[in-house]
Amino acid sequence: MKRNNKQTMSIIIILGVFLLTGCSDELPEDELVNNGQAFEMHKIADDLQAGNFPFQNDNSFVTLTELKDSVKELLGDKYWPEVDLTKEELEQKTGITEDMYVDFLAEKQVLDAHIDTMIIIHAKEAHVGEVEQALEKYRADIIEQNKNYPQNLCKAEASRMETIEDYVCFVQLGADTTIVADKGEDAMIAYCQEENERALYVLEKEILE
């Protein structure tokens with residue numbers, strides 16, 4: 001809906017410029033071509049169509065930082081990732097290389113023994129599938145590495161990877177699972193799944209809005 005409104009605004013502006021030019025000059029088409037005004041009209045139209053006009057870009061996309069902040073706002077003190085991964089660390093952990101994405105955001109906990117993590121990859125269109133495969137392998141590796149650590153294993157098994165347009169999102173959240181630990185592993189997995197679903201709901205809403 002936002003894009004339709006902006007396209008409508010662009011058309012109105014173009015028509016307005018055209019009418020103003022026509023009324024002030026009242027020149028036939030061949031003279032307009034000769035003095036370059038027709039060229040300028042096409043240039044204005046092209047600029048508007050390309051999104052260079054200030055109104056066209058206003059609120060037309062959401063940044064990765066804004067996506068993260070929306071998740072943090074929803075989860076509050078249940079959002080535990082706090083340290084950004086560098087592109088080198090991202091590649092080392094997941095195998096996702098810089099040529100696969102436009103931008104990325106990845107956060108984990110300070111201590112490697114704690115595994116709450118959120119990764120958002122704005123993938124290049126040609127590499128969406130590769131990024132998905134890399135994150136699926138990353139998830140499988142985490143599950144294998146935490147087989148002897150029940151609380152971490154539950155978080156790893158409850159983790160989710162979802163592709164929203166060309167954003168590939170991996171969420172492995174849950175925060176303090178001790179509040180349901182006495183109810184067994186199934187309860188801990190369900191608890192973490194609920195937190196992951198809440199995070200994905202916000203991401204999908206922000207990306208698609």
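Q: Which residues is alanine 123 in contact with, leaving aside neighbours within four places in sequence?
A: Alanine 123 touches Met100, Tyr101, Val102, Val128, Val131, Asp166 and Val168 once those neighbours are left aside; contact here means heavy atoms within 4.5 Å.

Q: Before I go on, where do these numbers come from?
A: This is a predicted model, with local features needing pLDDT of at least 70 and side-chain atom pairs counting only at pLDDT 80 or more, while totals for chains, interfaces and linings use all residues. Numbering runs from 1 along each chain as its sequence is written, and side-chain values use heavy atoms, with hydrogens and water left out.

Q: OK, back to alanine 123: buried or exposed?
A: Alanine 123 counts as buried because its relative accessibility is 1%. Buried is under 20% relative accessible area, exposed is over 50%, and partly exposed is in between (1.4 Å probe, protein chains only).

Q: And which strand is alanine 123 in?
A: Alanine 123 is part of strand 3, residues 117-123. Strands are DSSP runs of E with at least two residues, helices are runs of H or I with at least four, and both are numbered from the N terminus. The C-alpha of alanine 123 sits 5.7 Å from that of valine 102, 21 residues away along the chain.

Q: Switching to helices: at what angle do helix 7 and helix 8 pack?
A: Helix 7 (residues 128-145) packs on helix 8 at about 160°, with the axes 8 Å apart. So helix 7 is roughly antiparallel to helix 8. Axes are lines fitted to C-alpha atoms, for helices over the stretch in contact, and angles run from 0 to 180 degrees between N-to-C directions. Under 35 degrees is roughly parallel, over 145 roughly antiparallel, 65 to 115 roughly perpendicular, and the rest oblique.

Q: Which residues make that contact?
A: Helix 7 brings Arg139, Ile142 and Ile143, and helix 8 brings Leu153, Ala156 and Glu157. By class, the contact of helix 7 with helix 8 has four nonpolar, no polar and two charged residues. For the classes, Ala, Val, Leu, Ile, Met, Phe, Trp, Tyr, Cys and Pro are nonpolar, Asp, Glu, Lys and Arg are charged, and the others, Gly among them, are polar.

Q: What about helix 8 and helix 10, how do their axes cross?
A: The axes of helix 8 (residues 150-158) and helix 10 (residues 185-208) come within 8 Å and cross at roughly 45°. Helix 8 and helix 10 are therefore oblique to each other.

Q: Which residues meet there?
A: From helix 8 you have Pro150, Gln151, Cys154, Lys155, Glu157 and Ala158, and from helix 10 Glu185, Met188, Ile189, Cys192, Gln193 and Asn196. The contact of helix 8 with helix 10 splits into six nonpolar, three polar and three charged residues.

Q: Now the backbone. What's phi at glutamate 165?
A: Glutamate 165 has a positive phi of about 55°, although it is not a glycine. Glutamate 165 lies in the loop between strand 4 (160-164) and strand 5 (167-172), and is exposed, at 56% relative accessible area.

Q: And what's phi at alanine 175?
A: Phi of alanine 175 is near 55°, again positive in a residue other than glycine. Alanine 175 is in the loop between strand 5 and helix 9 (178-181) and counts as buried, at 3% relative accessibility.

Q: Last one: how many helices and strands are in the chain?
A: The chain has 10 helices and five strands. Buried residues make up 37% of its 209 residues.
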